[in-house]
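Student: I'd like to go through this model with you. Can we start with the rings and then move to the helices?
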Amino acid sequence: MFKKRITLKILLFLIASDILETCTHYCFKKSTLPVSEITINGFSSAVSFFRIVVFSPFLWLGFLFVGLTFVVWSTILSKIDLSVAVPAASFSYILVPLVSIVFLHEQIDTLRWCGIAMILLGIIFASISSKEKRIV
């Protein structure tokens, strides 16, 4: 394959990708909040659930963010290796919990934060290893 450096432009695309992915998750969650109390125990309740979610503007905004993420991610992948892009664009693992706390008022316990820290360490290790020279 090819080995290209992460330029400022690619870095901005990576940041945009993380932000768009976080927005996608947030919108999909918001689209389901009105149906959180519905128990699906038959066809009628399933139709009610589906109708409420489908007519949520957050669902459609989430789909818009999916499309934008696709365009940004495709651009990133055309410029750098996949093995570099995925770890570099994994900061949504911390953005999603932060958005969940601030906007959804969710509680995140210490053990989950420890897991998030381990994921971030893995991202750092993967990034460091991608900078090492390949011996061919």
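Student: How many aromatic pairs does the structure hold?
Tutor: This is a predicted model. It holds 4 aromatic pairs. One of them is F28 with F63.

Student: What is the geometry of the F28 and F63 pair?
Tutor: Edge-to-face. The centres are 5.5 Å apart, with 70° between the planes.

Student: Where do F28 and F63 sit in the chain?
Tutor: F28 is in helix α1 and F63 is in helix α3. They are 35 residues apart, so the pair links distant parts of the chain.

Student: Which residues do ring pairs link into a cluster?
Tutor: Y26, F58 and F103.

Student: Switching to helices. At what angle do α1 and α3 pack?
Tutor: About 160°, with the axes 8 Å apart. That makes α1 roughly antiparallel to α3, because the angle is over 145 degrees. The crossing is left-handed.

Student: What kinds of residues make up that contact of α1 with α3?
Tutor: There are 19 nonpolar, 6 polar and 3 charged residues.

Student: And α1 with α5, what angle there?
Tutor: About 40°, with the axes 9 Å apart. So α1 is oblique to α5. Here α1 passes α5 in a right-handed crossing.

Student: Which residues meet in that contact of α1 with α5?
Tutor: From α1, D18, I19, E21, T22, H25, Y26, K29 and K30. From α5, S92, L95, V96, V99, F103 and L104. They divide into 7 nonpolar, 3 polar and 4 charged.

Student: What is D18 in contact with, leaving aside neighbours within four places in sequence?
Tutor: A88, A89, S90, F91, S92 and L95. S92 and L95 are also among the α5 residues in the contact with α1.

Student: Last one, K9. Where is it, and is it buried or exposed?
Tutor: K9 is in helix α1, which spans residues 8-32. K9 counts as exposed, because its relative accessibility is 58% and the cut-off is over 50%.

Student: How far is K9 from I76 in space?
Tutor: 9.5 Å, C-alpha to C-alpha. In sequence, K9 and I76 are 67 residues apart.

Key
Residues are numbered from 1 along each chain as its sequence is written. This is a predicted model: local features need pLDDT of at least 70, side-chain atom pairs count only at pLDDT 80 or more; totals for chains, interfaces and linings use all residues. Side-chain values use heavy atoms; hydrogens and water are left out. Helices (H or I, at least four residues) and strands (E, at least two) are DSSP runs, numbered from the N terminus. Buried means under 20% relative accessible area, exposed over 50%, partly exposed in between (1.4 Å probe, protein chains only). Axes are lines fitted to C-alpha atoms, for helices over the stretch in contact, and angles run from 0 to 180 degrees between N-to-C directions. Angles under 35 degrees count as roughly parallel, over 145 as roughly antiparallel, 65 to 115 as roughly perpendicular and the rest as oblique. A crossing is left-handed if the near helix is turned anticlockwise from the far one by less than a right angle, and right-handed if clockwise. Contact means heavy atoms within 4.5 Å. Ala, Val, Leu, Ile, Met, Phe, Trp, Tyr, Cys and Pro count as nonpolar, Asp, Glu, Lys and Arg as charged, and the others, Gly among them, as polar. Rings of Phe, Tyr and Trp (its six-membered ring) pair if their centres lie within 6.5 Å; planes under 30 degrees apart count as stacked, over 60 as edge-to-face and the rest as tilted.
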